[in-house]
Amino acid sequence: MKVCFKASRHVRTGLVALAMATAISSVCVPVAWARDNANSGTNDLIAQLLDRVSTLEQQQRDMRGEIDQLTNELQQKTAALSKQIADNQFAAQANAGAAGASTAAASTDTTPKEDAKPTTPDGLLASGKAALQKKDYAEAQSDAESALKNAKGAFKVDAQFLLAQSLAGQKQYRQSAVAYYDAYRQAPKSGRAPDALLGVSASLLALGDKKASCEALSKLKAEFPTPSARVAHAAEVYAKRGSCE
């Protein structure tokens with residue numbers, strides 16, 4: 001026997017509602033989970049993008065700083081190079097001006113220059129005689145000795161006589177007596193010979209050797225009986241000093 005229960009309208013309505021709720025619940029749960037997962041993935045992507053943008057901005061700032069530093073260094077080097085070029089140009093102009101001034105001064109300088117030391121016998125003799133007149137006996141001796149190295153003939157006699165005079169001026173009487181006698185011996189018949197014998201006599205007299213001084217005067221009188229007035233007067237003076245007979 002079948003027993004059938006007839007549900008009331010309210011019961012049927014409740015069951016239907018429960019079934020629908022169950023169905024809706026089974027559908028809504030996956031949709032919400034999918035939505036949450038989608039939101040999470042979007043947030044991760046945005047975060048990555050923001051991090052990348054931040055990194056790029058930092059790199060850009062770093063590059064801008066390096067560019068600014070390179071620009072400053074370039075400007076400083078350019079300024080230094082420009083200054084160096086200007087300094088070089090100024091120095092070149094200054095040197096050119098100094099050279100021009102020196103040239104102008106040289107061209108307008110009329111101060112007589114000291115002549116170079118002569119090297120020829122006649123030049124050395126002229127220089128030595130000038131030194132002798134200024135009583136620069138050492139210079140006169142040097143010129144005479146230099147002239148004697150190459151002098152010949154009359155120049156050699158004159159150089160020897162100049163050497164004797166310079167030695168006598170330095171009170172080197174023994175050497176001067178020898179030098180005077182050498183001048184006489186080189187040209188015993190020349191016009192320089194009487195003066196050379198007078199020099200021998202004067203030097204010996206200065207040494208205190210009156211006897212030898214008188215012998216030189218005797219030789220002068222014997223070889224030149226008619227000397228010039230100047231030589232005769234000097235011989236007379238030396239004869240008196242030497243008490244010559």
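A pocket here is an open set of points on a 1 Å grid over the protein atoms alone, with protein on both sides within 12 Å along at least five of seven lines, and its lining residues have an atom within 4 Å of a point. This is a predicted model, where local features need pLDDT of at least 70 and totals for linings use all residues. Residues are numbered from 1 along each chain as its sequence is written.

Start with the largest pocket, which holds about 310 Å³ of space; a volume is the space filled by probe spheres set on the points, which are joined across faces, edges and corners. Its lining has 15 residues, with Leu217, Ser218, Lys221, Ala235 and Ala239 nearest the centre. Helix 7 (210-223) and helix 8 (229-241) each supply at least two lining residues; helices are DSSP runs (H or I, at least four residues), numbered from the N terminus.

Now hop over to the second largest pocket, at about 170 Å³. Helices 4 (154-169), 5 (173-186), 6 (193-207) and 8 each put at least two residues into its lining, and helix 6 gives the most, with 5. Among the lining residues are Phe161, Tyr180, Asp195, Arg230 and Tyr238.

Helix 2 (residues 121-133) is worth a look too. Its 13 residues reach 18 Å from first C-alpha to last, close to the 18 Å expected at 1.5 Å a residue, where the expected span is 1.5 Å times one less than the number of residues. Helix 2 is followed by lysine 135, with a positive phi near 60°.

Note on methods
This is a predicted model: local features need pLDDT of at least 70, side-chain atom pairs count only at pLDDT 80 or more; totals for chains, interfaces and linings use all residues. Side-chain values use heavy atoms; hydrogens and water are left out. On a 1 Å grid over the protein atoms alone, a cavity is a set of points where a 1.4 Å probe fits but cannot get out, and a pocket is an open set with protein on both sides within 12 Å along at least five of seven lines; lining residues have an atom within 4 Å of a point.
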